[in-house]
Every structure is written in structure tokens, then in C-alpha cells.
Amino acid sequence: AESMTPESLPPHALCCFSSCSSWLPQRVALRGSHWQSSLLGFRTSLPVRAQPKKKKKVDVKKEQAQKERMKKKLKKLEKAAPELIPIEDFITPLKYTESSRVRSLPALSAEESERRVLLLKKWCLFKQKQDEAEKKAIKALVESQQEALRELQLESEELYQAAILRDEGLFPFEREGPSYTPPLPAYDPPEGKCIDITKVYTQ
Amino acid sequence: DALLASRRSYRSRPTHGIGRFKYLLPKEVPKKRKEKVQMKEISAGTEYQYGDINIQMTSHDLCLVEHFAQYVHRLCNRLSIRVNESYAMPTKTNEVLFLEERGSKMQLDAVLTTHQRVVQIRGLSSTFAPILLEVIQSSQPEGVHLLMKQHTEADFKSRLKARPELEELLAEMS
């Protein structure tokens with residue numbers, strides 16, 4: 001009879017238990033079970049008015065005050081403008097600014113400086129030719145495209161209009177840069193892993 | 001009232017401008033107000049024009065990617081394509097570890113930094129877009145990864161610092 005659960009046992013079935021507790025005065029109505037807290041019968045309770053309502057008021061006020069505090073905090077945080085993450089490339093590390101060691105370059109001979117100037121001029125010319133070739137190529141491309149579109153327009157107006165519309169499948173466009181050497185045919189790379197150690201900035 | 005009324009400027013009198021003194025004080029430099037970082041409007045573009053497009057160049061080599069970004073910017077200037085912004089994304093650092101041949105310990109191989117530069121253009125016409133792509137591809141250097149995509153708010157937000165407190169509060173409120 002000791003394996004009791006509060007929900008399963010009805011109060012009046014435990015009269016035997018109450019009789020063991022001999023200290024109970026006979027004046028007090030025999031309480032059915034120790035699970036029934038009030039002196040009244042099963043499933044009744046005294047009309048309690050004062051205390052629970054007080055608790056509700058205090059709770060509501062506390063909750064409201066908490067909400068207002070949170071709203072104020074939110075407003076304060078939202079007021080601060082968002083900042084851009086500082087880019088480490090543009091910040092010179094301190095070790096290059098502190099030390100004051102200066103390199104003294106050797107004096108150049110006349111032939112050497114002459115050679116360098118001539119090399120610079122050749123490089124400028126090469127770059128100019130390259131740039132001009134690029135401009136010419138762009139011009140040729142644009143011209144041929146315009147001519148093709150004109151011919152298309154003469155052929156059929158519908159196709160011309162469809163050709164002029166923008167291509168949705170063009171973006172996003174991704175391309176890896178060319179490599180110096182092609183990949184080795186039977187290369188077995190060692191196992192390893194990459195850990196991201198980028199510094200996380202928080203405002 | 002009488003004092004205010006007596007402030008007439010007798011320009012012919014020698015006492016004209018007798019109370020002036022502000023011209024003697026040193027000029028005050030107006031206070032520099034911090035410009036708030038605000039997102040610019042993202043245009044969607046019309047049927048014959050693309051909206052905001054981001055040309056993102058990523059590489060491990062800093063100088064190469066910088067020079068390539070400068071070249072793309074100058075190219076767009078020359079071809080009279082409007083360039084909204086040309087900025088750098090924060091650098092990412094990666095530690096590369098590899099497993100030793102005889103042993104179970106991971107050995108540090110190198111610390112690699114990935115740099116990214118973005119050139120944002122607007123109003124690229126639909127007929128010129130493939131030509132521009134062709135030109136940029138032909139001059140793409142080794143090791144530089146090119147990515148062209150539409151600009152979104154998420155791209156802009158990735159440049160800003162994370163605000164964990166704000167997010168926490170927002171999560172609690174809702």
C-alpha cells in the first residue's frame with residue numbers, strides 16, 4: 001500500500017492510513033488523504049480572493065517594466081549606426097612604422113641607368129601597343145555586333161526585339177583564373193584541413 | 001523695444017559698423033559629422049539594361065587583385081559605364097594544416113589570406129554585356145577568381161559588423 005501515486009488513489013480509500021496517525025484530534029474532521037490540502041471535501045476549496053489577484057498585478061507590472069526596459073535597450077542599440085568591418089589590407093602593421101632602419105642603395109653606373117631608361121621606354125611602348133590593340137578589338141566587336149543587329153532587324157522585327165532583351169541566365173557568372181601549369185595527372189594530395197581564423201568584429 | 005529700433009545702419013556716418021568684431025576672430029572650421037553608413041538604393045534595371053552588378057575579384061595575391069580591380073575600374077570609366085562603388089571586402093585568413101606521412105599529428109603548412117575587391121556598376125546595356133565579359137576574361141590574371149552577380153542587400157550587410165546584442169534582443173522580443 002506504500003506505492004501510492006497522487007492521481008490514482010481516491011481520498012476515501014485511505015482511511016486505514018489516517019487511522020495510523022493517532023495524534024490527530026478527533027474534533028478535526030478526518031482528512032481523507034494527505035493529498036487533500038483543504039479541510040473541505042473533495043474538489044472544493046475556500047473562496048480565496050485576496051492573495052492570487054495581488055500576485056497577478058505584481059506580475060503584470062513587472063512584465064511591463066521588463067518589456068519597457070528591453071524596448072529602451074533596443075532603441076539605444078538601433079540608434080547607433082552600423083559600422084563597416086575594417087579592412088586589414090589597408091592598415092599598415094606597426095612593425096613597419098616603428099623601426100627606423102633605412103637602406104642605402106648603391107650608386108648606379110651610367111650604363112646601368114641608361115639601360116634602365118631604355119627598358120622603361122620599351123615597356124611603355126609595349127603597353128601602349130597592347131592598350132591600342134584592346135581598344136581596336138572592342139571597337140571591332142561593337143561594330144560587328146551592331147551590323148549583325150541591323151541585318152537581323154531587316155530580316156525580322158520579332159527576332160530583333162528578342163535579341164535586344166537582357167539575358168537573365170548571364171548572371172551570376174563565375175570563372176577561375178588561368179593557371180601557370182595544367183594539373184598533374186596522378187597527383188595524390190596529402191590529407192589536411194583548413195581552419196578559418198578570420199577575426200570576427202562585433203559592434 | 002527702443003534698443004532694437006535703434007539698430008539702423010547709418011552708412012554715411014563714420015560710426016558705421018562700429019559694433020562689428022566677428023571678422024576679427026579666426027575662422028571656425030565646421031565640425032565634421034560622421035557620415036552614417038546607409039545602403040544605397042539597388043536598382044533593378046529595365047528590360048534592356050541590367051541593374052546593379054557586382055564584379056567580385058578574389059585571390060590570395062593582394063597586389064595582383066588590387067591592380068586587376070584598378071584595371072577593371074579604368075576600363076569601365078573609359079567605356080562610360082557608370083561605376084557606383086569600388087570597395088574591398090574584409091580579408092579572410094585560413095590556416096592550412098596537413099597530415100604528416102608517418103604520424104597522426106596535423107602539421108601547419110601555411111597561413112593563407114584571401115583578398116576580395118568589388119567593383120559595382122550600373123546601367124550595363126544588354127548588348128554590351130557579353131563584350132565586357134569577353135574583355136575582362138581575356139585579361140584575367142592567374143589565380144584571380146572572377147565572379148559577376150547582381151547586387152543584393154545581403155551583399156551589403158556582409159560588409160557590416162555583426163551586432164549580437166541587437167539580434168538577441170530582437171529574438172527575445174518576437
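The sheet is where I would like to start: six strands form an open sheet in the order β1(A)-β6(B)-β2(B)-β4(B)-β3(B)-β2(A), with antiparallel pairing, where two strands count as paired if DSSP finds at least two bridges between them. Strands here are DSSP runs of E of at least two residues, and helices are runs of H or I of at least four, both numbered from the N terminus. The model is a predicted one, in which local features need pLDDT of at least 70 and side-chain atom pairs count only at pLDDT 80 or more, while totals for chains, interfaces and linings use all residues. Residues are numbered from 1 along each chain as its sequence is written, chains are lettered from A and ligands numbered from 1 in the order in which they are written, and side-chain values use heavy atoms, with hydrogens and water left out.

Angles run from 0 to 180 degrees between N-to-C directions, and axes are lines fitted to C-alpha atoms, for helices over the stretch in contact. Helix α3 (residues 129–138) of chain B lies across β1 of chain A together with β2, β4 and β6 of chain B, and its direction is at about 20° to β1(A).

With α2 (residues 62–78) of chain B, the axes come within 13 Å and cross at roughly 50°. That makes α4(A) oblique to α2(B), the class for angles that are not under 35 degrees (roughly parallel), over 145 (roughly antiparallel) or 65 to 115 (roughly perpendicular). The crossing is right-handed, the term used if the near helix is turned clockwise from the far one by less than a right angle, anticlockwise being left-handed. D131(A), E134(A), K135(A) and I138(A) of α4(A) meet Y71(B), L75(B) and R78(B) of α2(B), a set with three nonpolar, no polar and four charged residues. In that classification Ala, Val, Leu, Ile, Met, Phe, Trp, Tyr, Cys and Pro are nonpolar, Asp, Glu, Lys and Arg are charged, and the others, Gly among them, are polar.

How is α4(A) placed relative to α3(B)? The two pack at an angle of about 155°, with their axes 11 Å apart, and that makes α4(A) roughly antiparallel to α3(B). Here too α4(A) makes a right-handed crossing, and the contact involves E134(A), I138(A), L141(A), V142(A) and Q145(A) on α4(A), with P130(B), I131(B) and V135(B) on α3(B). By class these are six nonpolar, one polar and one charged.

Within chain A, the axes of α4(A) and α5 (residues 157–164) come within 6 Å and cross at roughly 145°. L149(A), L152(A) and Q153(A) of α4(A) touch E157(A), L159(A), Y160(A) and A163(A) of α5(A), which by class gives five nonpolar, one polar and one charged.

Finally, the annotations, whose UniProt positions follow the numbering used here, with feature names shortened, and which may be inferred rather than shown by experiment. An unreviewed UniProt entry places a "coiled-coil region" at residues 135–162 of chain A, and in the model that span is 96% helix and 0% strand, with end C-alpha atoms 28 Å apart. For chain B, an unreviewed UniProt entry places "domain: Small ribosomal subunit protein uS10" at residues 54–149, a stretch that is 28% helix and 50% strand, with its end C-alpha atoms 5 Å apart.

Technical notes
Contact means heavy atoms within 4.5 Å.
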